Amino acid sequence: MSIFQSLNTTASALTAQRLRMDVISSNMANVDTTRAKLVNGQWEPYRRKVVVMEPMEKGFSSYLQAAMDRSSVGNGVRVTKIVEDQTPFKLVYDPTNPDANKDGYVQLPNVDPLKEMVDLMSATRSYEANVTVFNASKGMLMKALEIGK
C-alpha cells in the first residue's frame, strides 16, 4: 500500500457520494414532473434514479495482488451505473390537470421525498466521514514530513 493510497481511497468515496447527492437532488427537483419521457406517443412521468456503487478492485491484477499481499484493504469505490427505479408511478385523482387520463387520474413520479431525504442524510454523513478520514490522513502525512526536517 502506497503512502497516498488512503487519500486515493477517500477521494473515490467523496466523488461517489457527491454524485449520489447530485442524483438525489435531481430526484427531488423532478418530484412533480409528469412529462419526462415520451414513450410510444405517451408522456411518462419522471422515474426515480438510484446510484449503483461497487468496490474498485475488479480486475485480475487486483485479485492477484490481494492473494499475494494479505494486508490489502481495498482501493475505494466507483459508480458503475445510475439505474431507474422500476416501482410503479403514483396515481392521484386530479381531473383539472392537463395530464389527467379520461378517468381524471394523473400519474406522478415514483419519487418519495421522505425516502430521498433519508438517502440525502446518509450520503451527507458518508461524505462528512470521508472528509474526516481525508483530513486525518493529511495530518498524518504532514507529521511524517515534520519528522524529516
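## Glu84 and Lys37

Glu84 is partly exposed, with a relative accessibility of 30% (buried is under 20% relative accessible area, exposed over 50%, partly exposed in between, with a 1.4 Å probe and protein chains only). Lys37 is also partly exposed, at 36%. The two side chains form a salt bridge, 3.5 Å from N to O (a side-chain nitrogen of Lys or Arg within 4 Å of a carboxyl oxygen of Asp or Glu). Because Lys37 belongs to strand S1 (37-39) and Glu84 to strand S4 (77-84), the pair ties together parts 47 residues apart in sequence. Strands (E, at least two residues) and helices (H or I, at least four) are DSSP runs numbered from the N terminus.

This is a predicted model, in which local features need pLDDT of at least 70 and side-chain atom pairs pLDDT 80 or more, while totals for chains, interfaces and linings use all residues. Residues are numbered from 1 along each chain as its sequence is written, and side-chain values use heavy atoms, without hydrogens and water.

## Arg48 and Asp85

Arg48 and Asp85 form a salt bridge with their closest N and O atoms 3.4 Å apart. Arg48 is buried at 8%, and Asp85 is buried at 15%.

## Helix H3

Helix H3 covers residues 113-147. Its buried residues, which include Glu116 and Leu141, pack against helix H1 (5-29).

Lys143 and Glu146 form a salt bridge at 3.8 Å, N to O. They are three residues apart in H3, about one helical turn. Lys143 is exposed at 54%, whereas Glu146 is partly exposed at 45%.

Technical notes
Expected span 1.5 Å × (residues − 1). Contact = heavy atoms within 4.5 Å.
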